[in-house]
Structure formats: structure tokens, C-alpha cells
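Look at the model first, then read on.

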Amino acid sequence: MTIQLPGADGALRIYEPRTEPLALTTGAPFTSRTVFSAAHVVADPFADTTPDSPAAIDWDATLAFRRHLWSHGLGVAEAMDTAQRGMGLDWAGAAELIRRSAAEAKSVGGLIACGVGTDQLTGPADLAEVRAAYEEQLALVEASGARAILMASRALAAAAAGPEDYLDVYGHLLRQSSEPVVLHWLGPMFDPALEGYWGSSDLDAATDTFLEVIAAHPDKVEGIKVSLLDAGREIDIRRRLPQGVRCYTGDDFNYPELIAGDEKGFSHALLGIFDPLGPLAAEAVRVLDTGNTAGFRELLDPTVELSRHLFRTPTRFYKTGVVFLAWLAGHQSHFTMVGGLQSARSLPHFARAYELADGLGLFPDPKLAEERMKNLLALYGVTQ
């Protein structure tokens, strides 16, 4: 069986899908790394919504996908940007997502951490309002029993006059958090509104402020997530962290080398790409647990081409590719997204994502993936 796929130049080419998936099974918990997948949400395709409507979520399918990740030993990073925070999922929807996922994690013994932000602020806000918004979300996450991830805030980026405002806001939150948190530095390639975060567009100066926050409260920072797509900078930050503070890579371009590490240390992982790569990523980490770094890289290095494709500029639309692959893999019955974001990538982009994922053996049922890909192509006028 073959399938005609459009290339970047618009010309059709013949691709022969694989017939068998990669053999991946569930296994023991990881011992050498802590690994989270930032998980997507499944939209309700039958809800009568518009792009400006509150998110309509298919809760059964959304929670089933989280059980899939937990079954492979992965932790779930909930209500992060992969779940379309600020791109279709509002705070009310995120709050319900946190409550439901945290309860589900308790019922199955799954590891979960949840995003804390300020997205209930829909207009200009001062620093006091930013702090109050963070506090509201932090209280909800802590009450759910989940670990908190303090996400970067668009409202703080807009309100802060300089590094001292970041030091003040984050210091206030860390002092009152009941448990150590993860700090997330999300770069402007993921969200342009975060340009100049930590008080400067100079990354060296911003890094110094980021590290100053951590150094002032090392007992309240369990770890950091760095999402700058800059391996060298992540390694530099990782080596400058206080003893006991973990680095979770958020670099969807360079994750194999960062997780493998070097003689001076390594990164744990909290990655959006581990949504579609979940079972394969888990298999690779279990190989790494045995001390076989080469075997880990042999499994994970070939996935980088797919990840770089999904996260290509404009990077913030990587969620479209993530949900597309979840549909092809059979984790949901439709390719519909919150906010209509399924339209954010082109047909050639989808075709290449399908080809790369199929080549890796990511689809549990390659025939189903092929049929769904052909259905999508037919909607665009491509006949086989």
C-alpha cells in the first residue's frame, strides 16, 4: 500500500507506510531521570463553539490520554502551554483540568505537576494583581495535591519595570509556597509576549536574575524547566544551580544530549514532544537507567527530526502537530482543537509529520494512521 503526500513544494510524491509499529511495552518506573510529558487536551468536537468561546473539553478522552502516559512511567505536566494555556484554554478550563487530572493521578498512582500562571487576568494589571493571580492558582494546585510549576506570566512581563520586580514577585510566591516548586522559563519563541522576561532581552542578564531568584530560595525550588531551545545556555544554567535543584530540559530541539548529560551533570525532562513520543521516550529512559547511554541515544536521536519539524517557526503552533499525531495514533476520534487551532499548520506540514512519525513506528495501528491521513488528504482535494 502507498499514499500520495504533498511536499513543501506542493508536488505529490509516493510514500510507502510501514506495516508494523515499533514494539513498545510498559515497564518499571525510571531510576535515573524524572521525566514529565506536557500533555495536550482533547476538544469536544460536538460542542457549538466559536474561536472566542470558552474551551469545550472531551474529559473522557483527555483523561484517557493521561492514563496512557502514566502507564509508560511518564509523569504528566498538566495545564502547561501544550494544553493550550493562553491559546484556547482559559483559566476556568485550566482549573477544571487541574482538578480532574490531579484526582485521576491519585487514583492510578501517577506523577503529576501542574502549571500556575496568571491567565485569569485578561487586561492590563499591576504587580499586586499579578501576585494575587499567581496566589489564586498556586492555592488551587496545592489543594489538588499536585506539584506546582510556576509558569512565565504575560501579565508580569507587561507590568514589570525591571529585574527587581521579578525578584519581588517570585520571592513573594516562593516564600508562601507550601512545597518546593518548579520554575519555568519559557522563551519568546513559544510566546512572543514573554520577550524580555526576567527584566531584560539580554539573555546573560536575564539568566543572572533567574539564578538570583533561585539562589535566594533554594529550599523552595525543586527544579527549573528551561525552554529556550539553546542547549549551551541550558548547560550553563544547569551547572550554576544550587546543590539539590534539578534542571528539567524543555528544549524540544536538543533533548537527547541534554538528558544524557556529560561528566558534570544531566537534565531531567519536561517536554511537549514527549506527548507524541511517550512510549518511545519511556523505552529510551529505561535503557539509560541501565547505564547504556549509547543505547539511549540510538533510540532517541532519530526522533529529533520529527520534534524539530513540529516545533518549527512559529514554534507556538507546535500543539497542532501534537494533536494531529494523537489523532493518527488513535488516542482521539477526531482532529479538532480548542480554539480551532487545527488550522494553524499546512497540509505539507501534516504530511511530513505523518511520514516522520510513521517512520519511527509511533503509530500503534499503522493502518488506522494511514486511513486517517488519507481522509485528511481527501478533504484537501488529494485523491489516491
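Helix α2 (residues 91–108) lies across strands β4 (75–78) and β5, running at about 165 degrees to β5. Helix α6 (residues 203–216) packs on the sheet and touches β7 (181–186) and β8 (221–227). The direction of α6 makes about 170 degrees with that of β7. Contact here means heavy atoms within 4.5 Å. Axes are lines fitted to C-alpha atoms, for helices over the stretch in contact, and angles run from 0 to 180 degrees between N-to-C directions. Helices (H or I, at least four residues) and strands (E, at least two) are DSSP runs, numbered from the N terminus.

This is a predicted model: local features need pLDDT of at least 70, side-chain atom pairs count only at pLDDT 80 or more, and totals for chains, interfaces and linings use all residues. Residues are numbered from 1 along each chain as its sequence is written, and side-chain values use heavy atoms, with hydrogens and water left out.

The sheet is a closed barrel of 8 strands, β3-β4-β5-β6-β7-β8-β9-β10, with parallel pairing. The twist averages 25 degrees from one strand to the next. Two strands pair if DSSP finds at least two bridges between them. β5 (residues 112–116) and β6 (residues 147–150) have 4 bridges, and G115 stands opposite I149. β3 (residues 35–38) and β4 have 3 bridges, with A38 opposite A77.

Both faces of β4 are covered. G75 and A77 on one side, and V76 and E78 on the other, are all buried (under 20% relative accessible area, 1.4 Å probe, protein chains only).

Next, the spaces. On a 1 Å grid over the protein atoms alone, a cavity is a set of points where a 1.4 Å probe fits but cannot get out; a pocket is an open set with protein on both sides within 12 Å along at least five of seven lines; lining residues have an atom within 4 Å of a point. Grid points are joined across faces, edges and corners, and a volume is the space filled by probe spheres set on the points.

| Space | Volume |
|---|---|
| Largest cavity | About 70 Å³ |
| Largest pocket | About 540 Å³ |
| Second largest pocket | About 270 Å³ |

The structure holds 1 cavity of 30 Å³ or more. Its lining includes A38, D81, K225 and Y318.

In the largest pocket, R85, G86, D119, R154 and D191 are the closest to the centre. Helix α4 (154–159) gives the most to this lining, with 4 residues.

The second largest pocket is lined by 20 residues, with P279, H331, L362, F363 and P364 nearest its centre.

Methods:
Buried < 20%, exposed > 50% of the residue type's maximum accessible area, 1.4 Å probe, protein only.
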